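Here is a short report for a reader meeting this protein for the first time. Please look at the sequence and the model before reading on.

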Amino acid sequence: MSAIKNAYVCVVNGQPELFETELQAQEYAMDLLSDWHESDEVAVPILAVMSVTEWLQAQEHLQLLEDIADYDRMAQLTC
């Protein structure tokens, strides 16, 4: 489990790719950007490199925000 906690992710358009080191994740992100730059693709990929711990914390935070938004929508329907 500690190997996973010490790992890094490169998040590509919301989808995480797991790497053993931060450098590997950064190099992957740079390769993706280089490929995009050389392509005719218009949409810029959304990339982020972070530790697995940071990724999990961000997912928890996003879920909390979604739950709050759902609660607000339900409250508006009952008013």
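Start with one residue. At 42% relative accessibility, Ile-68 counts as partly exposed, because that class covers values between 20% and 50%. Ile-68 sits in helix 3, which covers residues 52–78. Ile-68 also belongs to a nonpolar surface patch, together with Leu-62, Leu-64 and Leu-65. The accessible area of this patch is about 350 Å² in total. The model behind these values is a predicted one.

## The overall picture

The protein has 3 helices and 3 strands. Read from the N terminus, the elements follow the order α-β-β-α-β-α.

The C-alpha trace spans about 50 × 40 × 10 Å along its principal axes. Of the 79 residues, 16% count as buried. The accessible surface comes to about 6300 Å². Carbon and sulfur atoms account for 58% of that surface. Contacts along the chain can also be sorted by separation. Among those between residues at least 6 apart in sequence, 44% join residues at least 24 apart.

The structure holds 1 salt bridge. Which side chains meet in it? They are those of Arg-73 and Asp-70, with 2.3 Å from N to O. Arg-73 and Asp-70 are 3 residues apart in helix 3, so about one helical turn separates them. Arg-73 is partly exposed, at 47% relative accessibility. Asp-70 is partly exposed as well, at 35%.

## An aromatic pair

The structure holds 1 aromatic pair. The rings are those of Phe-19 and Tyr-28, with centres 5.1 Å apart. Their planes stand at 45°, so the pair is tilted.

Buried or exposed: how does Phe-19 count? Phe-19 counts as buried, at 17% relative accessibility. Tyr-28 is partly exposed, with a relative accessible area of 27%.

Pro-45 lies in the loop between helix 2 (22–38) and strand 3 (47–51). Pro-45 has a relative accessible area of 18%, so this residue is buried. Buried means under 20%, which is why 18% falls in that class.

What does Pro-45 touch, leaving out residues up to four places away in sequence? The contacts are Asn-13, Leu-33 and Trp-36. The C-alpha atoms of Pro-45 and Leu-32 are separated by 8.2 Å, and the two residues are 13 apart along the chain.

Phi of Asn-13 is near 50°. This is a positive value in a residue other than glycine. Asn-13 is partly exposed, at 48% relative accessibility.

Ser-51 is part of strand 3. With a relative accessible area of 13%, Ser-51 is buried. Ser-51 is in contact with Ala-7, Tyr-8 and Val-9, leaving aside neighbours within four places in sequence.

Gln-26 lies in helix 2. Its relative accessibility is 35%, so Gln-26 counts as partly exposed. How far apart are the C-alpha atoms of Gln-26 and Val-49? They are separated by 6.4 Å, while the residues stand 23 apart along the chain.

## Accessibility side by side

The table gathers some of the residues described above.

| Residue | Relative accessible area | Class |
|---|---|---|
| Ser-51 | 13% | buried |
| Phe-19 | 17% | buried |
| Pro-45 | 18% | buried |
| Tyr-28 | 27% | partly exposed |
| Gln-26 | 35% | partly exposed |
| Asp-70 | 35% | partly exposed |
| Ile-68 | 42% | partly exposed |
| Arg-73 | 47% | partly exposed |
| Asn-13 | 48% | partly exposed |

How values were computed. Residues numbered from 1 in each chain as written. Predicted model: local features only at pLDDT ≥ 70, side-chain atom pairs only at ≥ 80, totals over all residues. Heavy atoms only, no water. Patch = residues over 30% accessible without salt bridge, like charges linked within 9 Å, V, L, I, M, F, W, Y side chains within 5 Å. Areas by Shrake-Rupley, 256 points an atom, 1.4 Å probe, with all protein chains shown as cover. Salt bridge = Lys/Arg side-chain N within 4 Å of Asp/Glu carboxyl O. Helix = DSSP H or I, 4+ residues; strand = E, 2+ residues; numbered from the N terminus. Buried < 20%, exposed > 50% of the residue type's maximum accessible area, 1.4 Å probe, protein only. Phe/Tyr/Trp six-rings, centres within 6.5 Å; stacked < 30°, edge-to-face > 60°. Contact = heavy atoms within 4.5 Å.
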